[in-house]
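Subject: Two-chain model, handover and findings

Hello,

Here is the structure we spoke about, with notes on what was found in it.

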Amino acid sequence: MMHSFNELIIGGVLLSPALFYVGLTLAIALAIRPLLHRIKFSRWFSNAAVAELSLYAAIFGLLIQLG
Amino acid sequence: MTGINPAEQSPAAGATAVAVAVAPVFLGFALDRWLFAFRIWLSVVVALYVAFWLQLGSPSTAALTVAILAFPTRGQGLEKAAYRFIATIVGVIGAIVICGAFPQADSLMLLAFAIWVGLAVYATNLFDGNRAYATALCASTLGLIAVDQIDTPQNIFLAGMERGAAIAIGILSIAIVNDLLGAPNYHDAIALRLRELYRKVDDLTRRMAGGGAVENDETIQLIAAMTALRPETTALSTESSSGTARAAAARTALVELVTWLAMARTAFHSGASVAQPAVPLTAIQRRVTAHMAGLSEAIRPSRALRAPIYRSQRVAAESGARAAVYFIVAAAVFYYAGWPQANFALGLVAILLGLGATAPDPRGFTKLAMISAPIAGAIAGILEFVILDGADDFPTLVLALAPLAVGAGLMMKSPNRAIAALGRINFIFTIAVLSPSNPESYDPQSYLYTLVFACIAPLLLFAMQLVLPPIPTASIPRILIADAERELASAPARQRLEPEEAIFRDADRLAQIVTNAGDDEKGRQMIGEALSAFDRSSANQLSRGPLIGSACQKGMS
């Protein structure tokens, strides 16, 4: 089944819906940073950078799926 | 007696241990330099591939973004990326507003551009590090978007959107490549530098306490090295979820290191007296050690300090006004010359003005651009017309870019700063002149115009800077010393800063004076005056505490 996206329109200008999801992912990622630090997320993995990148990718994918 | 226990374990031991670990060498370069160079190449290739795939109007901007964000560690690039993206949005909004406000009025529009560039340069002079870069980029974005589209203002929004998309792709490319290929963390490099500074301050304090000779030059160089690390510590915030804690620990350690040195000078060197110096010296040394451990362990200090910088409004305003004048004169020259692609050259002038404002010597930066432009043009020409020579398949482009990107990466990580700067500027210019697109036009006339105007723009700017020099470096120390003396006379006005923060701010001003004062007798005299003002100001700050007394013990918690 094809996933349909809601168009993003700002001031009459049609923008890519991906912009909305990227913006929301960024906002969520920034919001959960203190929580990740508190639970010492980076210490759970040998490569914390890849783990955090994967988390952001997962949030982005989830938002698209739910959108 | 200083109260410092020589047997106490020093963090410098860690630095020594790291220093002896010699990296493997391949073809005369350390392995980490090769890895960095290959990461850049891969990032450029990924950025171009995605930009071609999405059929963006300016795919070269994605490659250019990678060239600009190419740093050996993750944190540095990410912070700059964030500021680059924000500054692009601000620059595009500015371009739309100015073009919308002055339709069909070229002269007024150019005047508004000049004012915008002047304001951006003014703001650049009030910040440091990547914040200064961001404000400079506001001027550059205007040059790239509005000035380039001056004859077709209806395309500005589209050009801005395409530039924003290309920048986002460039940022994502280098961020993902750096993450997946294990680019080193920046906090390790900062920790190493802090340990080295700790060792030097400790050594200097011991010598002063023992009555040994300590040259003022040595102290000044150390203060300059410490304040220079300040913008680097802010880059830690973006590195990971623990970044803000690490940044706070590094920043606090840095501020307390400067305070430690100021206390030692006040107690043993400058002749001023502070009550019971032995206790705070020991306490502050332990606190610095604790903060350095906090940097490694990602623990936010219980009393996190800010690291304020000092910027002279007068210097910033004069620099901004001069930048606006340069832009107006350049616009007039190109307008009356009536050359084709003159808007490209004018845009380049705006870029050089913006980025030059982030360099300690704007005219030196223009000179470097003047040298780089023909070299980069020649490299781009060889790439386009000799190596690629009409090729239209992506793998050939990938292979053709390899020597350029890898060579630039090897140069950028050179310990020689001049080579590193030349490598970076040359890489950026080459990508800008080559301007990879899909399909590649291979138009010799377009290449020739781009090359000629890429050379003319820095040449014209340099000529203007000879006639009306950027604010003379010799007058900056005088202005800053006068500011310092004025503040000493009205010290209560700065009570909003913690004593350590105020000392760091004074140290930052001292470092600026040292950078701009010449190496002659007059310069040395000014540095002496500045150091004297720093010592007096430090003594004032140290005597007003909470630094001496309860806060020292509290900081250990």
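In this predicted model, B:Glu297 and A:Arg43 form a salt bridge whose closest N and O atoms are 3.7 Å apart. The term stands for a side-chain nitrogen of Lys or Arg within 4 Å of a carboxyl oxygen of Asp or Glu. The count between chain B and chain A is 1 salt bridge.

Conventions: residues are numbered from 1 along each chain as its sequence is written, and chains are lettered from A and ligands numbered from 1 in the order in which they are written. Local features need pLDDT of at least 70, side-chain atom pairs count only at pLDDT 80 or more, totals for chains, interfaces and linings use all residues, and side-chain values use heavy atoms, with hydrogens and water left out.

The interface

Across the interface of chain B and chain A, 5 residue pairs are in polar contact, both residues at pLDDT 80 or more. A polar contact is a pair of N or O atoms within 3.5 Å; within protein, one must be able to donate a hydrogen and the other to accept it, and residues adjacent in sequence count only if both atoms are side-chain atoms.

On the side of chain B that touches chain A, the elements giving two or more residues are α7 (156-180) and α11 (243-269) of chain B. Of the elements, α7(B) gives the most, with 5 residues. Helices here are DSSP runs (H or I, at least four residues), as are strands (E, at least two), numbered from the N terminus.

In total, 16 residues of chain B are in contact (heavy atoms within 4.5 Å) with 12 residues of chain A.

Confidence

The model scores ipTM 0.84 and pTM 0.83. Chain B averages a pLDDT (the predictor's confidence in each residue, from 0 to 100) of 85, and 90% of its residues score at least 70. Over residues 1-20 of chain B the pLDDT is below 50, and this stretch has 29 contacts in the model beyond near neighbours in sequence. Residues 548-557 of chain B are also below 50, with 20 such contacts. Where pLDDT is low, the predicted coordinates should not be read in detail.

Chain A

Chain A has 2 helices and 2 strands, in the order β-β-α-α from the N terminus. Its C-alpha trace spans about 45 × 30 × 15 Å along the principal axes.

Regards
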